[in-house]
Each structure stands twice: as C-alpha cells, then as structure tokens.
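Student: Could we take a close look at just one part of this model? I'd like one connected walk-through, please.

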Protein chains: 2
Amino acid sequence: MKILIIEDEKDLQNALAEHFRKEKFVIEVADNYMQAHEKIGVYDYDCILLDIMLPGGSGLELLKYLKSLGKSDNVIVISAKNSLEDKLEGLSLGADDYLTKPFHIAELNARVKAVLRRNTFDGKNTISVNNLSLNIDDRILLVNEKEVHLNRKEFDILSYFLANQKRLVTKSTLAEHVWGDHIDQADNFDFIYYQIKNLRKKLSKANARIAIEAHYGVGYKLLPE
Amino acid sequence: MKILIIEDEKDLQNALAEHFRKEKFVIEVADNYMQAHEKIGVYDYDCILLDIMLPGGSGLELLKYLKSLGKSDNVIVISAKNSLEDKLEGLSLGADDYLTKPFHIAELNARVKAVLRRNTFDGKNTISVNNLSLNIDDRILLVNEKEVHLNRKEFDILSYFLANQKRLVTKSTLAEHVWGDHIDQADNFDFIYYQIKNLRKKLSKANARIAIEAHYGVGYKLLPE
DNA sequence: TTTAACTTATGAAAATTTTGATAATCGAAG
DNA sequence: CTTCGATTATCAAAATTTTCATAAGTTAAA
C-alpha cells in the first residue's frame, strides 16, 4: 500500500510520513507542484494526501489533473483552516474526502483507512477469499459453504482483516476499529492476543485457507494461503 | 427538542416528520420558501433540516438568512443527488452538515443526533448534573466526588443519556449508539433492560440525584431529580 | 374495572470478553 | 550462535455481557 504525501510544510510532512510508515505503508513525498505532478503522472498510489497550498502551483490543479487521469477517487484534500473555498472546489473536483488544518492525525488515519477500505468492499456486502466468504450485513462466515460461528469480536476482527487483506494491520489500529476509541493506546494487548488465538483456532478447525500472520512488534496480516 | 423540516416533497416530508415524532421530537414543517423564512425568523429550533430545491426560492437563501441570524449552526442541508454545487455552497455558508438524496433515514437520524449532542457537550470533556459528573475522556463517573465504577456498557449508556438529558431516548437509538449498527432493530431488548437495571442500582446505591425514567413502549429519559 | 396484550424488570444461567500469570517465540546485540 | 529483553501465545480465572424464563407493570379496549 503506497501513499503519496503532497505537502510542503516540512514538519507536517515528516509527521505524516512517520505516522504512516509506522502503519506500514510505503510513503512517497512531494513538496512542490512540479514534483507532485510528475509522480502522479508516472505512478499509481493507493491514497494521495494533497495539500492545496503548494509552491509552484495550486493543489487544485493537481486534483484536476488527477481527475483527468481517472485517479482522483482516493485523494484526501488537506486545506488550510481558512480556505474553505478550496475545500469546496476540491470536493466538486471529485476528491474523496477533505480535512482542514489543524487536524488530529488519528482523524486523518481513519480517513485514509476508509478510503482504502472502500476500494476493497465496493458495494458488496460479501467478501470472499479462497474457501471463505464473509457476509458483512448478516454477520455470517462460511467456510466451504458451511457456517462457522464467530462471536462478535472475532467477527469484527476477521472482517477488518478481510477489508485490509495482505496489508499489515497495527495492533492499535485493530483495537481502535474493533474495540473503539477508548482503547487506542493500551499498555498491553492481551485482549487482542486472546481473540486472535480463538479466531485462528476456529479458522483452522474449519480448514479455512487463510492465515493470520503475526508481525513481531507491529501487528498482524491476513494472507490467503 | 424541536425540529423544523423544510421540504416540499410531501412523501419525504411525511416520512421525516413521522420518524422524528416517533423519536419524540416536536416537529414543524415548512413546504415553501416564504413559510420557512417566516418560521425561521420567529422561532428557534434545535435542528433544521433544509432542502435546497424549494418552491418560492432557494434553500441557500434561507441558509444565508439563518447565518445572518446566527442560527445556522444546527442546519442539515438536504440536496438532490446531482446538485453537488448546492452542497458545497451550503457547507461554505456554514451549514453543519449535508446529505444527498436519496439517503437512509437512519443516516439522517444519526446526524441529527450528532448535531444536537454537539451543542450539549460543547468542547468539554465533563458533563455535570446535580451531584454527578461524568468525565468522558477518562471514563470516570463521580457521584458526590466519589468514584463509582461503571463497566463499559453502563458508562456508554449513561453518557448517552447525559448528552441527551431530558430527551426521550428510543430503545433502538440507544442500541444503535451503545451497541453499534448491528443491533438496530432487535426483536427484544433484554440486553438493554439488564444494563438499565444495573445502572440504576449503582446510581441509587451512590445516591445519585438523577432518575432514568422508563417510557412505556418508547424508551427512557434521564431526569435530574 | 377487568381483562388481554404487550412492555419492562429481575434473577439465574450461559456465553463472551477481559485480565493475569506463565510459557514460548522472536530479533537485535554481542 | 548465545543471550537478553521484548513480544506474542496460551491457559485459567475473573468480570462483563447476553440470553432465557418468569414476574411485575402498563395501556387500551371490552
């Protein structure tokens, strides 16, 4: 998963890059119009964070360019507090989302994840991988066409993993999504270990052809096998 | 709690009115520009649902008017699917939120509640009523300066009640907020009854000077006593 | 006023989740 | 290739939440 950060303020740029690197994204940075334009033309990104105020040209021009390339649907516009107009024009140009400075990085993080997840789930209410299929609405897991009972946390964890397949999911991200705001920065993650253990047990008993990989010091990744 | 629905499409208007009446709001309706303009000038509402396309004038004009009166911060703009421009201009005029048709009424419901709650909580992280004070961030309840331990559901329920003081809270609304999306339309609410029972027990043991009133067939209301 | 239908309250049991202690595993540094 | 510190896994116990059965209360209609 690759994120392009288009932002000239060095402090913010570094903070963003650091944060998302920790979340195990591949980060690229552009700090002016030309550089951004070039990267956009050549590479594909899973998500683009776009500041509007840039040296060398307006971020809105970049957005138009992205739109012309059909790559504008995973852009999150970041605009200065007072330039509401930018924000609005940004939206009308098809940006997926916007955020006004200053913002909490947790907020941005949530939105990035939302953008990425959207592209995974699409409109469907069922995700299938190998021999499993998960119906989000009815909260039913089928492995080899047979229902496997998951309780609430197990289901939430698995669906988050499936929505973020092959991507490394941080423990705190998982906690935030499955358990809620309160538990964001816990000092131990026993509750995750326990649920993961049981989830794995159920999956393997049902011969599900996926694996939940632990990544030392970071989190987990779900892989088809 | 009073909501003004400015909407000319009769079907939608009725659906909205009916829904929010069930949620125990007081509903007023305006189905054209003039009527809306008059009501806005005379009365105060806790939330205003504003359609942009109206007979007799644009909703955006009403929004400007509301803004000039300093009453624009609890407006939710409802715009037709394709009129993105309206949406944007609406936002720039200070509307709190917007929604494009068609929308799920549950979505609108959630946003209305959010608008109302914001005005209750403000920026504070503590709500106080009589001899209790609830710290939202640290999730601590004090009654007469002494901590009363609440477990998760109890805390969530109480904080929702406090954010919606003196307002009737539907069981399904409560379920949606405390338990999440899944349990919106349950066929029984035993889990609510159980938590309410224990919450009441803890509150009364601590001599908290509030009461959780049951409203037959509808839900609960929290009252200072 | 009484009944019938339905809603809410309550306690006990079942299921799930969280916590704590302990063991196994991993990865960096020597 | 060891060792050490830290992370992850596992089990059992504690706490919480959900479910179930039943009782009590409420409303509307006869």
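Student: Which element supplies the largest share of the surface near DNA strand C?

Tutor: That's α8(B), with five residues. Before going on, some ground rules: this is a predicted model, where local features need pLDDT of at least 70 and side-chain atom pairs count only at pLDDT 80 or more, while totals for chains, interfaces and linings use all residues. Residues are numbered from 1 along each chain as its sequence is written, and chains are lettered from A and ligands numbered from 1 in the order in which they are written.

"Near" asks that a residue's C-beta atom, placed from the backbone, lies within 6 Å of the strand. Helices are DSSP runs (H or I, at least four residues), numbered from the N terminus.

Around DNA strand C there are 18 residues, and Asn151(A), Arg152(A), Asp190(A), Tyr193(B) and Ala214(B) come nearest. At least two residues each come from α6 (152–163) and α8 (190–205) of chain A and from α8 (190–205) of chain B.

Now over to DNA strand D: α8(A) gives the most to that surface, with five residues. Here α8 of chain A plus α6 (152–163) and α8 of chain B each supply at least two.

Those two chain B helices also meet each other: α6(B) and α8(B) pack at about 80°, axes 10 Å apart (lines fitted to C-alpha atoms over the stretch in contact; angles run from 0 to 180 degrees between N-to-C directions). That makes α6(B) roughly perpendicular to α8(B), the label for 65 to 115 degrees. In contact (C-beta atoms, placed from the backbone, within 7 Å) are Lys153(B), Glu154(B), Ile157(B) and Leu158(B) of α6(B) with Gln195(B), Asn198(B), Leu199(B) and Lys202(B) of α8(B).

Terms used
Parallel < 35°, antiparallel > 145°, perpendicular 65-115°, else oblique. Contact = placed C-beta atoms within 7 Å.
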